[in-house]
Amino acid sequence: MTIFEKIVRRDIPADIVWEDDDVLAFRDVNPQAPVHVLIVPKRVVSRLAEATPADEALLGKLLLASRAVAEKLDLVTSGYRVVINNGPDAGESVPHLHLHLLGKRPLAWPPG
Ligand code: 5GP
């Protein structure tokens, strides 16, 4: 079981900022920006590269959840970034699909 599954099951604590039936959003334990929220599906998909057409609706829900979190945390005017790390070169460290939502500071481009 991944650490994110344990958070979804409330087996370990997290600072949860938003939730619906399919998606949970909570603050990253090692934030890279003043706002750094992880948005995860409650049903495990390992990573974007493992998603299938059966996950189409869930993928859409994750993006719409990022919009809802951005509104809730007052990021809409200042802007924000949504990132998915897939595989070793991207630095993926938890094999449970997650969106990073980053904001409340200027974010460099291209990313490192
Ligand atoms: P990845 O590197 O896989 O894209 O992102 C995994 C993220 O999960 C990292 O930013 C890391 O700080 C975060 N993370 C790892 N373990 C925990 C945890 O137990 N709780 C929370 N809230 N975040 C975690």
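The model is predicted, so local features need pLDDT of at least 70 and side-chain atom pairs count only at pLDDT 80 or more, whereas totals for chains, interfaces and linings use all residues. Residues are numbered from 1 along each chain as its sequence is written, and side-chain values use heavy atoms, with hydrogens and water left out.

**Pocket and cavity**

Rolling a probe the size of a water molecule over the atoms shows where empty space is left. On a 1 Å grid over the protein atoms alone, a cavity is a set of points where a 1.4 Å probe fits but cannot get out. A pocket is an open set with protein on both sides within 12 Å along at least five of seven lines, and lining residues have an atom within 4 Å of a point. A volume is the space filled by probe spheres set on the points, which are joined across faces, edges and corners.

The largest pocket holds about 720 Å³ of space. It is lined by 33 residues, of which Gln 32, His 36, Asn 85, His 100 and Leu 102 are the closest to its centre. By class, this lining has 17 nonpolar, nine polar and seven charged residues. Here Ala, Val, Leu, Ile, Met, Phe, Trp, Tyr, Cys and Pro count as nonpolar, Asp, Glu, Lys and Arg as charged, and the others, Gly among them, as polar.

At least two lining residues of the largest pocket come from each of helix 1 (3-8), strand 2 (23-27), strand 3 (35-41), strand 4 (80-83) and strand 5 (99-103). Helix 1 gives the largest share, three residues. Helices (H or I, at least four residues) and strands (E, at least two) are DSSP runs, numbered from the N terminus.

In the whole structure, the search finds one cavity of 30 Å³ or more. The largest cavity contains about 30 Å³ of space. Among the residues that line the largest cavity are Arg 47, Asn 85, Glu 92 and His 98. The lining of the largest cavity divides into four nonpolar, four polar and two charged residues.

**Salt bridges**

A salt bridge is a side-chain nitrogen of Lys or Arg within 4 Å of a carboxyl oxygen of Asp or Glu. The whole structure has 10 salt bridges. The table gives three of them, with the distance between nitrogen and oxygen.

| Asp 15 | Arg 27 | 3.3 Å |

The side chains of Asp 15 and Arg 27 meet in a salt bridge. Asp 15 lies in the loop between helix 1 and strand 1 (16-19) and Arg 27 in strand 2, so this pair ties together parts that are 12 residues apart in sequence. Relative accessible area describes each partner: buried means under 20%, exposed over 50%, and partly exposed in between (1.4 Å probe, protein chains only). Asp 15 is partly exposed at 44%, and Arg 27 is partly exposed at 33%.

Asp 22 is partly exposed at 27%, and Lys 61 is partly exposed at 36%.

Asp 55 is buried at 6% relative accessibility, whereas Arg 43 is partly exposed at 44%.

Asp 28 lies in the loop between strand 2 and strand 3. Asp 28 is buried yet has no salt bridge, and the nearest side chain of opposite charge, Arg 27, is 11 Å away. For this comparison, Lys and Arg count as positive and Asp and Glu as negative, while His and the chain ends are not counted. The side chain of Asp 28 reaches the backbone nitrogen of Asn 30 at 2.8 Å.

Glu 92 is found in the loop between strand 4 and strand 5 and is buried, with a relative accessible area of 17%. The side chains of Glu 92 and Arg 47 are joined by a polar contact of 2.9 Å. A polar contact is a pair of N or O atoms within 3.5 Å; within protein, one must be able to donate a hydrogen and the other to accept it, and residues adjacent in sequence count only if both atoms are side-chain atoms. A polar atom of the Glu 92 side chain also lies 2.8 Å from the backbone nitrogen of Gly 87.
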